[in-house]
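Let's take a walk through a protein fold together. Keep the picture open while you read.

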2 protein chains.
Amino acid sequence: MTQAFNPRTGEPVGREVPDSSATEVSAAIARAQDCAQWLADLPHNRRAELLHALATALRDNETSLVELADAETALGDRRLTGELARSAAQLDMFADVLDDGAFCEAVIDHADPQAVPPHTDLRRMLVPLGPVAVFAASNFPFAFSVAGGDTASALAAGCPVVVKAHPSHPNLSVRTAELLSATLEKVGAPSGVLEIVHGHEAGTLLVTDPRITAVGFTGSTRGGRALFDLACSRPDPIPFYGELGSINPVVVTEAALSRRAGEIATGLVGSFTLGAGQFCTKPGAVFVPAGQGFADRVVEAVGDTEPAPLLNAKIRDGYLAGVTALGSAPGVRTVLAPRTGTGYSVYPAVFTVDATTFVERIDLLAEECFGPSTVIVEYSSAEELAGALAALPGSLTASLHAEPVDPPAAELLATLRKKVGRVIFNGWPTGVAVTWSQHHGGPWPSTTVPLHTSVGATAIRRFMRPVTFQDVPDGLLPEALREDNPLGIPRRVDGVLR
Amino acid sequence: MTQAFNPRTGEPVGREVPDSSATEVSAAIARAQDCAQWLADLPHNRRAELLHALATALRDNETSLVELADAETALGDRRLTGELARSAAQLDMFADVLDDGAFCEAVIDHADPQAVPPHTDLRRMLVPLGPVAVFAASNFPFAFSVAGGDTASALAAGCPVVVKAHPSHPNLSVRTAELLSATLEKVGAPSGVLEIVHGHEAGTLLVTDPRITAVGFTGSTRGGRALFDLACSRPDPIPFYGELGSINPVVVTEAALSRRAGEIATGLVGSFTLGAGQFCTKPGAVFVPAGQGFADRVVEAVGDTEPAPLLNAKIRDGYLAGVTALGSAPGVRTVLAPRTGTGYSVYPAVFTVDATTFVERIDLLAEECFGPSTVIVEYSSAEELAGALAALPGSLTASLHAEPVDPPAAELLATLRKKVGRVIFNGWPTGVAVTWSQHHGGPWPSTTVPLHTSVGATAIRRFMRPVTFQDVPDGLLPEALREDNPLGIPRRVDGVLR
């Protein structure tokens with residue numbers, strides 16, 4: 001049974017949702033598998049219409065969905081309304097990606113007897129993998145949950161989705177799934193295109209079921225690693241796209257700090273306390289020149305910020321354990337001590353450490369602490385900074401605050417981009433735009449596969465694989481590969497992009 | 001120590017090559033890591049020149065390399081000369097891929113305050129992963145070895161390569177590495193761009209070393225699975241691109257068999273005995289209508305085919321064990337019994353089985369048997385064929401022999417493409433062209449990651465990961481992403497491919 005709690009009070013909210021039995025999980029996967037061919041064969045434009053219909057369903061039910069989400073997450077109407085809009089826009093974007101057509105990567109090489117070695121007619125495109133399991137996250141009840149990016153990109157790829165609901169917002173999950181399923185039925189889809197299951201055991205069953213072809217996951221490093229290991233140890237391993245923990249380093253140059261210390265401190269506080277610090281892109285380590293009093297500025301910028309509720313008791317307990325470990329580590333100074341409020345609420349916490357100690361205690365200090373805390377790492381020289389950055393694990397993002405003419409900037413950017421999937425100049429990592437060019441991924445432990453993104457147009461690629469057709473008659477080819485290009489999509493023909 | 005043997009005689013050939021010590025392996029990886037930034041920063045056109053230089057070095061040393069290769073592999077001058085040319089052409093092709101520029105997938109989204117949610121300037125491209133380990137294969141001493149496709153695509157991606165030499169052709173491996181290293185030095189590359197190590201233990205050290213960022217592997221399912229498990233169980237798992245075992249089903253329709261039985265039998269024999277059956281694309285299961293005497297046609301086409309040497313004693317023993325297991329399985333009829341010749345030579349072997357028994361003994365009958373054998377699976381109805389195809393594991397290829405007007409063809413193609421990375425119409429799977437559109441990959445167990453290919457232009461993508469640059473000033477951006485497109489490469493700008 002899953003029971004949600006109101007994070008503002010800690011009181012139960014909504015009805016209990018039963019765990020899915022093994023039989024129910026298997027039946028959900030069976031339905032997904034049964035409709036896989038239908039979805040794969042659906043013309044791109046019809047698949048795009050389906051995504052638009054889902055987006056419209058979200059928008060049409062904004063009030064009730066946001067209300068339900070707020071009761072279970074306490075993220076607030078404004079944030080949740082924005083997140084719903086973003087999730088709907090994400091579905092629309094994947095429809096645009098389908099309409100554009102480049103996503104299927106059609107490539108044609110006509111027969112060439114002069115080539116070394118000679119070759120016959122070869123045509124390649126991407127096709128859907130098959131049923132996909134999606135693990136919803138706690139911190140984005142819309143954008144990384146039932147109707148989130150993994151679901152949107154898998155459906156766009158042509159893969160049915162079985163969502164493992166997050167136990168932190170079960171009633172919203174059930175309601176969203178009902179809504180999307182009803183919409184799918186209305187546009188003529190068979191059952192199975194979108195399924196939902198509940199409970200820890202259901203998740204394990206999904207990852208190990210031979211009919212599941214890939215997994216999308218957003219969550220903790222510990223939970224993600226366990227599922228990743230399961231996926232890899234199957235008799236037939238499958239891709240596991242996990243977004244796990246990220247420290248999201250921020251580097252401030254001497255020039256930037258001397259000119260804009262106040263502005264940077266305010267920006268930092270806005271970023272690490274946004275959504276109560278429950279973003280995978282929360283800046284968790286901020287490298288600043290020592291002896292400039294930056295920590296004081298940060299404390300000042302925090303001011304009398306209200307406590308904010310964390311999503312559930314487990315996250316609250318994890319946060320408190322994390323900040324307690326930080327605060328008691330030798331060499332770490334607490335400049336703003338962690339405090340709790342009503343329900344699951346906590347106040348922001350801030351720590352400082354010198355760059356040498358940071359490297360010595362990297363396992364603790366570079367581990368994600370989910371919640372409104374950050375560590376200010378003070379460096380006394382370029383060498384000390386370089387040493388600390390070299391020790392960093394992979395992250396989703398890194399940010400650099402520098403001046404327009406700032407000699408260390410180029411090398412710092414070059415160093416940072418080796419570690420991360422997105423580098424940000426004079427900005428903050430929270431806020432992940434859904435665009436063609438977005439990359440929301442990075443080296444381990446920020447993700448399990450650094451080649452892929454869970455946000456942006458290319459997220460679709462995680463759920464597709466190439467097939468090459470050799471000498472197949474035109475009438476038997478998929479439309480995307482036919483000689484006269486009936487879909488009018490961009491293709492590479494005989495080496496030339498058209 | 002690695003000692004090669006002449007497959008024609010079983011006598012030792014060439015000098016013993018010592019196993020690399022742990023210190024030597026570590027030093028090789030260190031050199032690779034030290035030059036990783038140099039190679040990553042090398043402009044695409046200079047990286048292309050480097051690949052052309054390597055291709056030229058292969059061609060300039062054709063005679064001595066082919067002689068050395070033939071002594072250790074017995075594949076014959078003609079085949080080896082062709083394979084060397086193909087390997088050189090492959091290096092040239094990746095140079096073309098670099099010159100084309102689309103491989104780095106440059107995408108630019110200018111700031112858009114009207115978007116939902118609004119976004120700032122975002123620019124995405126692919127960058128090299130870092131040092132890559134490449135496990136050479138036995139059966140292609142050029143095309144899947146030191147100078148093979150994994151090496152070529154990793155270097156093209158901008159990743160230094162540490163090759164684990166295959167013990168079956170150690171002297172050729174050493175010589176090839178020396179030649180390529182000397183060439184790299186001549187064009188001004190630092191040491192470390194291409195390294196070579198020897199011995200089983202060296203392979204394990206490569207896969208588990210924290211400085212190695214990805215692995216390319218071609219070999220057996222058992223060996224590949226062991227290394228895949230190692231790569232996945234690292235504290236920081238890395239992508240392991242393994243090409244393992246593949247049965248490569250061939251389906252012949254009733255119409256095709258009634259019209260072209262002789263031609264199909266001849267084609268099949270040519271394909272399954274090519275290179276003594278030592279191709280990952282060897283057709284290992286051929287589905288034909290029962291009662292048409294196709295097996296007799298195949299025996300006739302084999303005729304008095306000379307025995308051909310397998311590459312080494314281990315492969316010979318594995319082949320004999322495989323065909324013995326096939327021959328003694330209940331329901332399997334031996335139509336051409338396995339026989340050995342001098343050295344490691346063997347004769348072709350052919351078996352038949354009915355489709356129902358095939359499904360019952362799928363684990364044995366659909367397992368790759370490396371060498372010149374094939375299993376003819378006789379089906380008595382469309383349903384029986386469908387059942388057998390549904391039971392097949394993943395393969396690199398599937399081939400369909402059908403007539404121009406042949407009602408079952410469309411559905412058979414649709415069924416086959418679910419299982420494989422390449423479908424071939426009225427052709428044979430052996431012979432893998434190196435083109436933009438090639439896909440040499442497929443669902444497990446044919447590869448460990450169905451999204452990727454080890455042959456063709458997109459093989460480069462295995463060794464690159466995306467990075468998005470947010471609001472980074474033009475002067476600090478990589479050239480591929482600068483506003484004026486100084487490289488003149490194809491890019492997607494504000495959603496439009498240019």
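## Ground rules

Two strands count as paired if DSSP finds at least two bridges between them. Strands (E, at least two residues) and helices (H or I, at least four) are DSSP runs, numbered from the N terminus.

This is a predicted model, where local features need pLDDT of at least 70 and side-chain atom pairs count only at pLDDT 80 or more, while totals for chains, interfaces and linings use all residues. Residues are numbered from 1 along each chain as its sequence is written, chains are lettered from A and ligands numbered from 1 in the order in which they are written, and side-chain values use heavy atoms, with hydrogens and water left out.

## A sheet in chain A

Look for an open sheet of 5 strands in chain A: its order is β7-β6-β5-β8-β9, and the pairing is parallel. Which strands stand at the edges? They are β7 (194-197) and β9 (240-243) of chain A; each has a single partner strand, so one side of each has no neighbour in the sheet. From one strand to the next, the twist averages 15° (axes are lines fitted to C-alpha atoms, for helices over the stretch in contact, and angles between N-to-C directions run from 0 to 180 degrees).

Now zoom in on β8 (residues 214-218) of chain A, which runs parallel to β9(A) and is joined to it by 4 bridges. Here Phe217(A) sits opposite Gly242(A) of β9(A).

## Helices on the sheet

Contact here means heavy atoms within 4.5 Å. Helix α7 (residues 200-208) of chain A packs on the sheet and touches β5 (132-135), β6 (161-164), β7 and β8 of chain A. Its direction makes about 145° with that of β6(A).

Helix α8 (residues 221-232) of chain A packs on the sheet too, touching β5, β8 and β9 of chain A. The direction of α8 makes about 170° with that of β9(A).

Most peptide bonds are trans, and most residues other than glycine have a negative phi. So what kind of peptide bond joins Trp444(A) and Pro445(A)? A cis one, with omega about 5°. Pro445(A) lies in the loop between β18 (420-425) and β19 (464-470) of chain A. In chain B, a cis bond with omega about 5° joins Trp444(B) and Pro445(B).

Glu105(A) isn't a glycine, yet its phi is positive, near 50°. You'll find Glu105(A) in the loop between α4 (77-100) and β3 (107-109) of chain A. At 12% relative accessibility it counts as buried (buried means under 20% relative accessible area, exposed over 50%, partly exposed in between, with a 1.4 Å probe and protein chains only).
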